[in-house]
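Subject: Structure handover

Hello,

Here is the structure I promised to pass on. Please open it first, then read my notes below with it on screen.

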Amino acid sequence: MAVSSVLRTRVKICGITSVENGLMVADAGVDSIGLVFYEPSPRHVEIDQARLIAKAMPAFVTKTALFVDPSVEYVQAVLNRVQIDLLQFHGDESAEFCEQFGLPYMKAVRMREETDLHDLSEQYVSACGLLLDAYKPGVPGGTGEQFNWDLVPKSFSKPIILAGGLNAENVARAIHTVRPWAVDVSGGVEASKGVKSPDSVKLFMQQVMSTVE
């Protein structure tokens, strides 16, 4: 889905690990925060920690839960305790798996030269968007690496959420090149793993807003 000249690109900041950081990025104007429920990630949050973060978020900030090939029981345990609005799946989950929890979901795609986004949009027809990230063997996401943006079709049937190596230096160029519905950043606005930098978040948001024509 291309972004028209009168719309701003939405922003999700992923890997929020504290109430303080959650409120800081909300104040900066983000549309969504990401809570990582994947233990190998340095940005992983426990359910009780995530519950406090989600509860502190103001209205109109979407709480997104990120999973990588989870069990049904684990996803349900998170949803039973945490106020989640949107699911994000980064593994090999089928559309049927993603659909069963009664919430909208995004399916992450690790982009390669041979990736057929049109085919994936048909496989995950129920998804509210496809999140495009860099491919790195053995790493399901959060690589901090940029992929070839020319692989993204200029016209597409689903909203595109662009991730992978974004930061304040390249996000405006990424938006002009890809015209995504939203951008998703984590490491590109961090002071350290899982700790967001207020200055980096502010600069990132300024660059996103600079693309509004």
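Ser-197 has a relative accessible area of 13%. That is under 20%, so Ser-197 counts as buried. Bear in mind that this is a predicted model.

**The chain as a whole**

The secondary structure comes to seven helices and 10 strands. The C-alpha trace spans about 40 × 40 × 30 Å along its principal axes. How does the radius of gyration of the chain compare with that of a compact globule? For 213 residues, a compact globule would have a value near 17 Å. The chain has 16 Å, which agrees.

Of the 213 residues, 52% count as buried. Take the contacts with a separation of 6 or more: residues 24 or more positions apart account for 56% of them. The chain exposes about 9,700 Å². Carbon and sulfur atoms supply 50% of that area.

On charge, there are 19 positive and 26 negative side chains. The centres of the two sets lie 5 Å apart.

**Aromatic rings**

Ring centres within 6.5 Å make a pair. By this rule the chain has eight aromatic pairs. One of them joins Phe-67 and Tyr-74, with the ring centres 5.9 Å apart and the planes at 90 degrees. An angle over 60 degrees counts as edge-to-face, so this pair is edge-to-face.

Are these two residues buried or exposed? Phe-67 is buried, at a relative accessible area of 0%. Tyr-74 is partly exposed, at 26%.

Both belong to one aromatic cluster. The cluster is formed by Phe-37, Phe-67, Tyr-74, Phe-89, Phe-97, Phe-101 and Tyr-105.

Met-106 sits in strand S5. Its relative accessibility is 4%, so Met-106 counts as buried. Which residues does Met-106 contact, leaving aside neighbours within four places in sequence? They are Lys-12, Thr-64, Leu-86, Leu-87, Gln-88, Phe-89, Cys-128, Gly-129, Leu-131 and Ile-161. Phe-89 in that list is also a member of the aromatic cluster. Leu-86 is 20 residues from Met-106 along the chain, and their C-alpha atoms are separated by 7.7 Å.

Thr-115 lies in the loop between strand S5 (105–111) and helix H5 (117–123). Thr-115 counts as partly exposed, at 22% relative accessibility. With residues up to four places away left out, Thr-115 touches Val-109, Arg-110 and Leu-120. Thr-115 and Leu-151 are 36 residues apart in sequence. In space they are 8.3 Å apart, C-alpha to C-alpha.

Asp-116 is in the loop between S5 and H5 as well. Asp-116 is partly exposed, with a relative accessible area of 42%.

**Two backbone angles to look at**

Most residues other than glycine have a negative phi. Which residues have a positive phi although they are not glycine? Asp-69 and Arg-179 do.

Asp-69 has a phi of about 45 degrees. Asp-69 lies in the loop between strand S3 (62–67) and helix H3 (72–81). Its relative accessible area is 44%, which makes Asp-69 partly exposed.

Arg-179 has a phi of about 55 degrees. Arg-179 is found in the loop between helix H6 (171–178) and strand S8 (182–185). At 24% relative accessibility, Arg-179 counts as partly exposed.

Best wishes

Methods:
Residues numbered from 1 in each chain as written. Predicted model: local features only at pLDDT ≥ 70, side-chain atom pairs only at ≥ 80, totals over all residues. Heavy atoms only, no water. Phe/Tyr/Trp six-rings, centres within 6.5 Å; stacked < 30°, edge-to-face > 60°. Buried < 20%, exposed > 50% of the residue type's maximum accessible area, 1.4 Å probe, protein only. Helix = DSSP H or I, 4+ residues; strand = E, 2+ residues; numbered from the N terminus. Rg over C-alpha atoms; globule rule 2.2 N^0.38 Å. Contact = heavy atoms within 4.5 Å. Areas by Shrake-Rupley, 256 points an atom, 1.4 Å probe, with all protein chains shown as cover. Lys, Arg positive; Asp, Glu negative; His and termini not counted. Charge placed at Lys NZ, Arg CZ, Asp CG, Glu CD.
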